[in-house]
Number of protein chains: 2
Amino acid sequence: MAEPRNRCLSPQEISRRLERHGVQPTAQRIAICQYVLCEAEHPTADDIKQWADKNFPKMSRATVYNTVNTLIEAGLLREFRFPHDSKTVYDDNISDHYHFLDETTGEIIDIDGKDIEIKLRNEQRFIVKNAEVLLRGKLVKKKGV
Amino acid sequence: MAEPRNRCLSPQEISRRLERHGVQPTAQRIAICQYVLCEAEHPTADDIKQWADKNFPKMSRATVYNTVNTLIEAGLLREFRFPHDSKTVYDDNISDHYHFLDETTGEIIDIDGKDIEIKLRNEQRFIVKNAEVLLRGKLVKKKGV
DNA sequence: CCATATTTTTAGATTAAATCTAATTATAGA
DNA sequence: TCTATAATTAGATTTAATCTAAAAATATGG
Ligand SMILES: [Mn+2]
Ligand SMILES: [Mn+2]
Ligand SMILES: [Zn+2]
Ligand SMILES: [Zn+2]
């Protein structure tokens, strides 16, 4: 059962991390990373833009898209498109993993790759390179504190 | 291993089937059904429009969308949106099933619901109502004729 | 530090899938 | 046949994402 990753990063740590991945650490990029790597969970481009409008002097929509695509190329971010919504979401979880959609809240929750096993029967035709899985349903409230 | 369904339907059969599902069998609807229920495999709205432009005197884009959405409401069709492409595809296979994407050709192939087993481990949090699965990889050529 | 090449950011235009609008046409039923 | 209802239509609109090309920021190296 995966524990949440440590998502706390200072601007300096973000800056170093960008440089290590060959990405110039501009003010806009550091700000966006603060949000997508530290605060947000599966944000859309629009989420990022709205956050930037509150927390950054001025940022254009193009910069949001430029930046997430740069981060994806650099291997710091992944993008996912799900069947239930037309907006791409961005994910700092770059490991192999799947997703669960809580249909009552719309929340998307990561499922570790190791925690799902997909068995394909009666099929000789396919060489499967990877799988994309979205489970849908209801999230159970944990009892106790 | 699922055999292909019989997809051959005369205009009369289509007409009766539409009526049974409470859909007025107009010329446009019958034509679109001819294509989506009999000829095509996971066509997009654009595929349907292009087919109509060749095989029907005149049909507007709005009618293509109106019709597929009517057919979906009537339970004769399903729609799917996949992560690798922004276009919705329409599917006459209305049973529970998953999909395989041949990454070399772009072809989408049905996988019977019974032929995939999804096991979720170490997770007490989710009540899973349904799953959407896209396997990606390469299609193996069958040897022999 | 300065000059200049390179990279990044930007506002606004463009694209593409899907939906909407409101006028016209077709169909159903009395 | 007459009339109400339903379906179709061309074109406008919406929305997510990309593109354009000018301006601003940054890196380089003398
Ligand atoms: Mn995540
Ligand atoms: Mn199918
Ligand atoms: Zn995720
Ligand atoms: Zn299918």
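**View 1. Protein surface around DNA strand C in the predicted model.** Sugar or phosphate supplies 74% of the atoms of DNA strand C that lie within 4 Å of the protein, and bases supply the rest. The model is predicted: local features need pLDDT of at least 70 and side-chain atom pairs pLDDT 80 or more, while totals for chains, interfaces and linings use all residues. Residues are numbered from 1 along each chain as its sequence is written, chains are lettered from A and ligands numbered from 1 in the order in which they are written, and side-chain values use heavy atoms, without hydrogens and water. DNA strand C is surrounded by 19 residues, the closest being A:Thr26, A:Lys58, A:Thr63, B:Lys87 and B:Thr88; a residue counts as near a strand if one of its heavy atoms lies within 4 Å of it. By class, this surface has four nonpolar, 10 polar and five charged residues. Nonpolar covers Ala, Val, Leu, Ile, Met, Phe, Trp, Tyr, Cys and Pro, charged covers Asp, Glu, Lys and Arg, and the others, Gly among them, are polar. At least two residues each come from helix H2 (27-39) and helix H4 (61-73) of chain A and from helix H4 (61-73) of chain B. Helices (H or I, at least four residues) and strands (E, at least two) are DSSP runs, numbered from the N terminus.

View 2. For the side chain of A:Thr63, the distance to a phosphate oxygen is 2.6 Å. A:Gln28 has a polar side-chain atom 3.0 Å from a sugar or linking oxygen.

**View 3. Protein contacts with DNA strand D.** Among the 19 residues that surround DNA strand D, the closest are A:Lys87, A:Thr88, B:Thr26, B:Lys58 and B:Thr63. A polar side-chain atom of B:Arg61 is 3.4 Å from a base nitrogen. B:Gln28 has a polar side-chain atom 3.0 Å from a sugar or linking oxygen.

**View 4. Manganese ion (ligand 2) in chain B.** Its protein donors are B:His42 (NE2), B:Asp91 (OD) and B:Asp110 (OD), at 2.4 to 2.7 Å. Donors are N, O and S atoms within 2.8 Å of the metal (3.2 Å for Na, K and Ca); water is not among the atoms, so sites may look incomplete. B:His42 also bridges to the zinc ion (ligand 4), 3.2 Å from the manganese ion. Because B:His42 lies in the loop between helix H2 (27-39) and helix H3 (45-55) of chain B, and B:Asp110 in strand S4 (residues 108-112) of chain B, the pair ties together parts 68 residues apart in sequence. Both B:His42 and B:Asp110 are buried, with buried meaning under 20% relative accessible area, exposed over 50% and partly exposed in between (1.4 Å probe, protein chains only).

Note on methods: Polar contact = N/O pair within 3.5 Å; in protein donor to acceptor, adjacent residues only side chain to side chain.
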